[in-house]
Amino acid sequence: MPTPAPDHPSPPTARFAPAPLCAATPEGLPDHPDALVVDGRATDRAALLAAAAAVAQDVRGLPAVAVRATASLETVAAVLGGLQAGVPVVPVPPDSGPLERAHILRDSGAAALLDPGFGPATPGAWADTGVPTLPIDLARQAGTSFPAPASDTVALILYTSGTTGAPKGVLTTHGAVAADLDALATAWDWSADDVLVHGLPLFHIHGLVLGVLGALRTGSRLVHTGRPTAERYAAAAEQHGGSLFFGVPTVWSRIADEPAAARALRGARLLVSGSAPLPAPVFARVAELTGHHPVERYGMTETLITVSTRADGERPPGTVGHPLDGITTRLAAEDGTPVPADGRTIGELQVSGPTLFAGYLNRPDATAAALTPDGWFRTGDLATVDPDGRHRIVGRAATDLIKSGGFRIGAGEVEDALLSHPAVREAAVVGVPHADLGQEIVAFVVAEPAVTDRELTDFVAAGLSVHKRPRRVVRVDALPRNALGKVQKKQLSTDA
Ligand code: MLC
Ligand code: AMP
């Protein structure tokens, strides 16, 4: 393994009092014509705030508002508008198919859908949903200011997969987001001097909470590259002076495969990886090409980011560092008893602190199951903690939660989608280790021979969303089952 270059010291930072989530500018921070650049379009903060205020006027008083969350300035204005109005925002993946979006819209109780593509001459992309569609027009600006919502007001309802069933809505409050962003700003020395670059989707916490609300709260400029490609990250470094780069491990792996693009990040201040484990070889290659040890941080939709290495600390590969300010962690054995922090003994990571969710919407059963009797969140991730407090994530307790390209996918949800195809009699979905995606979704099916693999993957992509599609389909005559009829996934082999 090549020797990574030394970590870079952090420069002095321009810290302003953090902006409330609903404001786009920390007090006293000068505006900038390119404060936010999303997929090549730029805005200053004042114009963004005024466009968001116009959205806020439209949605004020609604129980929740959905956003077709394309990677666009309109999505940013829509989310900010909902936050200003104190209305829970439900970001919906723009590629979500009818099954998934119908569930999200129904379950969240969204009374309107903000659609970046909707206008006088263009029908909304999802006019069929039965939820009234509203436009997001950046040219429509309002000067209204709204009182900052209380910290226990729900800011976002983010849908995330469990092992079975449809995705659950995670209730995330203004206070939780603010606490997390402030703790991250401290850990990463993240300030108004930074230019944040990423191209992650705007419907999960990585791209939206950290990648948009984080930039607004700290006052750093944001360059969203539309897509998270190596070339676009390199271009953002060169054209915009990007200093802070976010990516999931798949993005860092692809950057490591493009040496010229990777070298363009040498002038950055901090590279951050998260949402899935960063393989040690990718860490080493990124370090060699860019001169930076990536920061690795760990989190979940339900807890936000809770553990991270730091800008001013060591960043050895394979560790996610220490709990953020305000967060406490512990390891528990299967029977709930404490596991020693000896760097060797594996336990389930449990977390506590101000960044935790306020529960799953409409799912008190699932909320209760996710919490211990004394109120800690059971992450379901297996970890070790060494005597110095360094955390290492070593796996997941449930094999039916798949992480592919940084997306969390429930095996059960994909199986249900496959089983709704008339040619499929049985289906079992697993995550198989994959060099680029971390895990690849593989579907074992008992199906009519006439249906093609492509038809089945397209069926899932169209009904759920593109990233939930199996990348491989394996035909079997029958699924291996135990005496009780339960599928034995460990016996499924992709070797053939
Ligand atoms: C392929 N495509 C299809 C298709 N097959 N379209 C329709 N039907 C099919 N059957 C199209 C797609 O629409 C897309 O088109 C193109 O093919 C590429 O899609 P892909 O192959 O799925 O993309 P891929 O290259 O694999 O994406 C890699 C990636 C992506 C890294 C860019 O996985 C990604 O964005 N990951 C980020 C996930 C993330 O943000 N997770 C954070 C969760 S929060 P087109 O036209 O669009 O190219 C979290 C907590 C924490 O985890 O700690 O952060
Ligand atoms: P999500 O709910 O999409 O937010 O996914 C959360 C899951 O991503 C966690 O439970 C972990 O399994 C995984 N994860 C996030 N960050 C890391 C990391 N740095 N290392 C390993 N796994 C991670």
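A polar contact is a pair of N or O atoms within 3.5 Å; within protein, one must be able to donate a hydrogen and the other to accept it, and residues adjacent in sequence count only if both atoms are side-chain atoms. With that in hand, take Arg-396: a polar side-chain atom of this residue lies 2.9 Å from an oxygen atom of ligand 2.

Some housekeeping. This is a predicted model, where local features need pLDDT of at least 70 and side-chain atom pairs count only at pLDDT 80 or more, while totals for chains, interfaces and linings use all residues. Residues are numbered from 1 along each chain as its sequence is written, chains are lettered from A and ligands numbered from 1 in the order in which they are written, and side-chain values use heavy atoms, with hydrogens and water left out.

Staying with ligand 2, an N or O atom in the side chain of Arg-408 is 2.3 Å from one of the ligand's oxygen atoms. Ser-275 uses its backbone: an N or O atom there lies 3.2 Å from a nitrogen atom of ligand 2. On its own ligand 2 has 500 Å² of accessible area, and the protein covers 93% of it (Shrake-Rupley method, 1.4 Å probe; for residues, only the protein chains shown count as cover). Around ligand 2 there are 15 residues, counting a residue as near if one of its heavy atoms lies within 4 Å. Strand β13 gives the most to this shell, with four residues; helices (H or I, at least four residues) and strands (E, at least two) are DSSP runs, numbered from the N terminus.

Now ligand 1. Which residues come closest? Among the 23 that surround ligand 1, the closest are Ser-275, Arg-297, Lys-403, Gly-405 and Asp-458. The side chain of Lys-403 places a polar atom 2.6 Å from an oxygen atom of ligand 1. Taken alone, ligand 1 exposes 1100 Å², of which the protein buries 70%. Elements giving two or more residues to this shell are α5 (205–218), α7 (249–256), β13 (295–300) and α12 (453–463). Both domain 1 (3–391) and domain 2 (405–491) contribute at least three residues to the shell around ligand 1; the domain bounds come from an automatic or database domain assignment.
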